[in-house]
Amino acid sequence: MLSPIQRTELRTYYYTPVHCPFCGTRVMGADPADETRITACAHTLFIAHDTAFEYRSERFDRHLDLDGLTDEEVEERWSGAEGGVDGFTNRVTLADAIKVAAYAPAPSAYGSYYGFAPTE
Ligand SMILES: [Zn+2]
């Protein structure tokens, strides 16, 4: 039976750097010269925020039938989903997948989403 991706939410310490739970790679902000730089490891499925995907793995694209779509077509998929990027990435059912959702407090209400799953 398929289970939805397990979620962890950061609401108070939303700025805490997120590391892959499977290998410890710091996926965001690892480069002090450019804190927006992404370091995706083999377990990273996606890195996104409310207005865009920063990173999508091939595994993620295959899993959610995004293979071969343009970025615009992918945007149509998630922008039409309930809950936007957050809701769309909740559809992942890969075994033991984990999603970290970091929500900056109001009034910014800005969310960042990190998805990981073990590899075989
Ligand atoms: Zn990893």
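1. Which residues form a nonpolar patch on the surface? In this predicted model, the patch is made of Tyr13, Tyr14 and Tyr15, whose accessible area together comes to about 360 Å². Tyr15 lies in the loop between β1 (6-10) and β2 (44-49), and it counts as exposed because its relative accessibility is 54%, where the cut-off for that class is over 50%.

2. The zinc ion has as its protein donors the SG atoms of Cys20, Cys23 and Cys41 together with ND1 of His43, at 2.1 to 2.4 Å from the ion. The angles among the four donor atoms run from 103 to 116°, and the site is tetrahedral; for comparison, the ideal angle for four tetrahedral donors is 109.5 degrees.

3. Along the sequence, the donor residues of the zinc ion follow the spacing C-x2-C-x17-C-x1-H. Cys23 and His43, both in the loop between β1 and β2, are 20 residues apart, and the pair links distant parts of the chain. As for their cover, Cys23 counts as partly exposed because its relative accessibility is 40%, whereas His43 is buried, with a relative accessible area of 12%.

4. The largest nonpolar core has 20 residues, and those touching the most other members are Leu45, Phe46, Phe53, Phe60, Phe88, Val92 and Ala97. Two or more residues of this core come from each of β2, α2 (71-79), α3 (84-89) and β4 (98-103), with β2 giving the largest share, three residues.

Key:
Residues numbered from 1 in each chain as written. Predicted model: local features only at pLDDT ≥ 70, side-chain atom pairs only at ≥ 80, totals over all residues. Heavy atoms only, no water. Patch = residues over 30% accessible without salt bridge, like charges linked within 9 Å, V, L, I, M, F, W, Y side chains within 5 Å. Areas by Shrake-Rupley, 256 points an atom, 1.4 Å probe, with all protein chains shown as cover. Salt bridge = Lys/Arg side-chain N within 4 Å of Asp/Glu carboxyl O. Helix = DSSP H or I, 4+ residues; strand = E, 2+ residues; numbered from the N terminus. Buried < 20%, exposed > 50% of the residue type's maximum accessible area, 1.4 Å probe, protein only. Donors = N, O, S within 2.8 Å, 3.2 Å for Na, K, Ca; no water. Tetrahedral: all angles 85-135°; square planar, octahedral: opposite > 155°, others 65-115°. Core = buried A, V, L, I, M, F, W, Y, C linked by side-chain atoms within 4.5 Å.
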